[in-house]
Amino acid sequence: MSMVDTAGKAVILFDGVCNLCTTSVHFIIRHDKSSYFLFASLQSDAAKEILLHFPSKKIKLDTIVLFEDGTIYDKSTAALRIAKKLNGGYKLLYFLIIIPRFIRDFGYLFIAKNRYKWFGKKKKCMIPSPEISAKFID
């Protein structure tokens, strides 16, 4: 799927070799009943194309990025905005947005820093199964 097909959707950029990140993507897919989200690994050309429009943001592979309505969000803000769109009680987590970002991001970055040690890493980026491949852009 190309970038022109993202109208009305939000795009989640994630570390494609991180086991925690790919597990999170599968979780989001299962709880995104409206198919609002599309996905691309941060290592992909699609992610590079999106991030080119935001040169002032210094995005690293240790964060999740949400591209929504022409704006990018990262770290804890991205995670909470994603939770807000999921089906079920997960949207209630969005109330944590009232916590100052520097505090939320401190916890987020602690997990991000240790994600490979705790959850492992793949040798190459996740390849989506045929059942979910339409949700990924390249």
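Modeller: A residue counts as buried when its relative accessible area is under 20%, as exposed when over 50%, and as partly exposed in between. The model shown is predicted.

Biologist: Is alanine 112 buried or exposed?

Modeller: Alanine 112 has its place in helix α4. Its relative accessibility is 6%, and the limit for burial is under 20%. Alanine 112 therefore counts as buried.

Biologist: What accessible area do Phe110, Ile111, Trp118 and Phe119 have together?

Modeller: These four residues, Phe110, Ile111, Trp118 and Phe119, form a nonpolar patch on the surface. The accessible area of Phe110, Ile111, Trp118 and Phe119 together is about 410 Å².

Biologist: How many residues apart in sequence are the parts that phenylalanine 14 and phenylalanine 136 tie together?

Modeller: A search of the whole structure finds six aromatic pairs. One of them joins phenylalanine 14 and phenylalanine 136, edge-to-face, at 6.4 Å centre to centre with 75 degrees between the planes. Phenylalanine 14 lies in strand β1 (residues 10-14) and phenylalanine 136 in the segment after α4, so the pair ties together parts whose separation in sequence is 122 residues.

Biologist: Are phenylalanine 14 and phenylalanine 136 buried or exposed, and which residues form one aromatic cluster?

Modeller: Both phenylalanine 14 and phenylalanine 136 are buried. The aromatic cluster that they form includes Phe39. Its members are Phe14, Phe39 and Phe136.

Biologist: Which geometry does the pair of tyrosine 36 and phenylalanine 37 have?

Modeller: The ring centres of tyrosine 36 and phenylalanine 37 are 5.1 Å apart, and their planes stand at 70 degrees. Tyrosine 36 counts as buried at 15% relative accessibility, and phenylalanine 37 is buried at 0%. The pair of tyrosine 36 and phenylalanine 37 is therefore edge-to-face.

Biologist: At what distance from the ring centre of tyrosine 116 does the charged end of lysine 121 sit?

Modeller: Arginine 115 lies over the face of tyrosine 116, at 4.3 Å from the ring centre. The charged end of lysine 121 also sits over the ring of tyrosine 116, and its distance from the centre is 4.7 Å.

Conventions. Residues are numbered from 1 along each chain as its sequence is written. This is a predicted model: local features need pLDDT of at least 70, side-chain atom pairs count only at pLDDT 80 or more; totals for chains, interfaces and linings use all residues. Side-chain values use heavy atoms; hydrogens and water are left out. Patches are made of residues with over 30% relative accessible area and no salt bridge: like charges are joined within 9 Å, nonpolar side chains (Val, Leu, Ile, Met, Phe, Trp, Tyr) within 5 Å. Accessible areas come from the Shrake-Rupley method with a 1.4 Å probe; for residues, only the protein chains shown count as cover. A salt bridge is a side-chain nitrogen of Lys or Arg within 4 Å of a carboxyl oxygen of Asp or Glu. Rings of Phe, Tyr and Trp (its six-membered ring) pair if their centres lie within 6.5 Å; planes under 30 degrees apart count as stacked, over 60 as edge-to-face and the rest as tilted. Helices (H or I, at least four residues) and strands (E, at least two) are DSSP runs, numbered from the N terminus. Buried means under 20% relative accessible area, exposed over 50%, partly exposed in between (1.4 Å probe, protein chains only). A charge sits over a ring if NZ of Lys or CZ of Arg is within 6 Å of the ring centre and within 35 degrees of the ring normal.
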